Amino acid sequence: MSEFVAALPMYDWPEARGEVDAQWARLREAIRGKGIEAPEKLVRVNGDLPPVPGGIRGSAGKVIAPDPATLPADELDFQGLWLHPALLFGQTCWGPMELGLASHVQVIGQPSYDAVEGGQGELYSSAIVMPADGGQSVASPADGSASIPLDLIRGKRFAFNNPDSMSGLLGLTRDLEAMGESLDIFASQIQSGGHRSSIVAIAEGRADVAAIDCESWALAKRFEPAARHVKVVGWTRRRKGLPFITARATPPETVAALREAIAGLE
């Protein structure tokens, strides 16, 4: 049994779990090919994580996350996952990384977003979506620049997934600032808790606009019925996508092997 844990939670929609498991199977075998005992299955809930009595501690000895055993077993606390000392392979967002996570983990690499509109290599962008009105969705700019329709979104109700989300909030904020605007352009803001929930909120009339990362938007078009009732009106600028990470305590030789394993799959 592996001493490590692995998780790919960022696009792990219930309908796509078979695909996520297949992605991990490819990664797992490549990692094992480098002599690392990668875990057979992915962590999906707190109950899958090994207990850390007394809580997860940082390099200074201060508790930075609770013991997973003290959290609801059927939920997943992202911070507890990302900070877990047994994390061999995980995925996070550059928002949390910029807000302090980077000092507690190591970046292994970036996935490719070539397969979805709005992505190019390691870069991704967010689709700005609003209620469908019979018009066509706007295509992602070929050069990856921001395409934000200020006239359409001004005075509207904005839904975002989480305050630390690069794709759902921070990226759009920075693009608006580059245009001399701010989130004050919106009449109100609501936190939905997830990209999928933001799409549903728009479809149900509880919000008017949201920024949905291109991979999540591709998933929504496949699996979320509410996506039929919204359309793309613009795009944020392309930025680095969701990084693969490992624990800060992962030995340098293991980190190097993980990077080689990923590179070998490209």
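Me: Hi! Which order do the 5 strands of the open sheet come in?
Reply: Hello! In this predicted model, the order is β9-β8-β10-β7-β11, and the pairing is mixed.

Me: Which are the edge strands?
Reply: Those are β9, residues 188-191, and β11, residues 230-235. Each of them pairs on one side only.

Me: And how are neighbouring strands turned against each other?
Reply: On average by 30°, with direction ignored.

Me: Let's zoom in on β8 and β10. How many bridges join them?
Reply: There are 2 bridges between β8 (residues 157-160) and β10 (residues 209-213), and these two strands run parallel.

Me: What is the bridge partner of Ala159 in β10?
Reply: Ala159 has Ala210 as its partner there.

Me: Nice. Now helices: where does α5 lie?
Reply: Helix α5, residues 166-178, lies across β7 (126-131), β8 and β10. Its direction is at about 125° to β8.

Me: What about α7, which strands does that one lie across?
Reply: Helix α7 covers residues 214-223 and lies across β7, β10 and β11. The angle between α7 and β10 is about 100°.

Me: New topic! How many disulfides are there?
Reply: A search of the whole structure finds 0. For Cys93, the nearest cysteine sulfur is that of Cys214, 12 Å away. Cys214 is likewise in no disulfide, with the sulfur of Cys93 as its nearest. A disulfide would need the two sulfur atoms within 2.5 Å.

Me: Is Cys93 buried or exposed?
Reply: Cys93 is buried, because its relative accessible area is 5%, and buried means under 20%.

Me: And Cys214, buried or exposed?
Reply: Cys214 is buried too, at a relative accessible area of 2%.

Technical notes: Residues are numbered from 1 along each chain as its sequence is written. This is a predicted model: local features need pLDDT of at least 70, side-chain atom pairs count only at pLDDT 80 or more; totals for chains, interfaces and linings use all residues. Side-chain values use heavy atoms; hydrogens and water are left out. Two strands pair if DSSP finds at least two bridges between them. Helices (H or I, at least four residues) and strands (E, at least two) are DSSP runs, numbered from the N terminus. Axes are lines fitted to C-alpha atoms, for helices over the stretch in contact, and angles run from 0 to 180 degrees between N-to-C directions. Contact means heavy atoms within 4.5 Å. Buried means under 20% relative accessible area, exposed over 50%, partly exposed in between (1.4 Å probe, protein chains only).
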